[in-house]
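Hi everyone, thanks for making time this morning. I'd like to walk you through one structure, so please have a look at the viewer.

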Amino acid sequence: MALDPSFIGRTYPPTPPYEVGREKIREFAVAIGDANPVYTDSEAAKALGYPDVIAPPTFPFVITYQASAQVVNDPELGLDFSRVVHGDQKFAYTRPVRAGDRLTVTVAIDSIKSLAGNDVLSVRGEVHDESGEHVVTAFMTLVARAADEAGE
């Protein structure tokens with residue numbers, strides 16, 4: 001069953017603040033195999049003008065994906081998550097994520113399309129720090145695969 005396009009533009013409440021820690025940044029950098037010292041060494045980050053270590057560019061996926069659960073789990077939307085694959089991810093930055101940031105995410109549904117029986121859902125996550133400053137916008141595309149003829 002196709003997703004209801006009347007959900008386009010629906011915005012969900014902001015998430016509770018997520019405190020970005022140095023160790024979480026380091027763990028993420030190690031997990032993605034990026035040895036850039038700006039992610040692990042405060043002095044290296046300060047030498048480049050940052051107040052502390054910064055996070056790799058894809059780090060906001062950690063919190064924006066969690067925030068998108070509000071969309072995925074919305075019973076009124078009716079998305080069958082067992083059929084969902086992650087189609088695309090983009091980030092538009094105002095500034096890097098830094099250790100010590102307390103970030104909230106507000107998610108919204110930007111578009112819903114049906115392509116070859118698949119539902120394609122575009123979700124935007126606006127990430128702000130505790131002062132309200134915009135940090136990054138994450139754009140995520142989720143594809144709910146069509147059921148095959150056997151209903152699976």
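Let me begin with a definition: rings of Phe, Tyr and Trp, the last by its six-membered ring, pair if their centres lie within 6.5 Å, and planes under 30 degrees apart count as stacked, over 60 as edge-to-face and the rest as tilted. What you see is a predicted model, and by that definition the structure holds three aromatic pairs.

Take phenylalanine 28 and phenylalanine 59. Their ring centres are 5.3 Å apart and their planes stand at 80°, so this pair is edge-to-face. Phenylalanine 28 belongs to helix α1, while phenylalanine 59 sits in the loop between α2 (42-47) and α3, so the pair ties together parts that are 31 residues apart in sequence.

Another of the pairs is phenylalanine 91 with tyrosine 93, which is tilted, with 6.5 Å centre to centre and 40° between the planes. Here phenylalanine 91 is partly exposed at 24% relative accessibility, and tyrosine 93 is partly exposed at 33%.

Now back to α1, residues 22-32. Its buried residues include Phe28, along with Ile25 and Ala29. Looking down the axis of α1, the buried residues fall within an arc of 100°, so they line one face of the helix. Part of their cover comes from α3 (61-67). On the face turned away from that buried side you find Val30 and Ala31, which are exposed. Just after α1 comes glycine 33, with a positive phi of about 75°.

Let's move on to the strands, with β4 as our guide.

On one side of the pairing list, β3 (residues 102-115) runs antiparallel to β4, joined by eleven bridges. Alanine 108 stands opposite arginine 124 of β4. The hairpin of β3 and β4 has two residues between the strands, and alanine 116 there takes a positive phi near 50°.

β4 also pairs with β5 (residues 134-144), in the antiparallel sense, over ten bridges. In that pairing, leucine 121 has leucine 142 in β5 as its bridge partner. This hairpin has five residues between its strands, and glycine 132 in the turn shows a positive phi of about 95°.

How values were computed:
Residues numbered from 1 in each chain as written. Predicted model: local features only at pLDDT ≥ 70, side-chain atom pairs only at ≥ 80, totals over all residues. Heavy atoms only, no water. Pairing = 2+ DSSP bridges. Helix = DSSP H or I, 4+ residues; strand = E, 2+ residues; numbered from the N terminus. Buried < 20%, exposed > 50% of the residue type's maximum accessible area, 1.4 Å probe, protein only. Arc of directions from axis to C-beta. Contact = heavy atoms within 4.5 Å.
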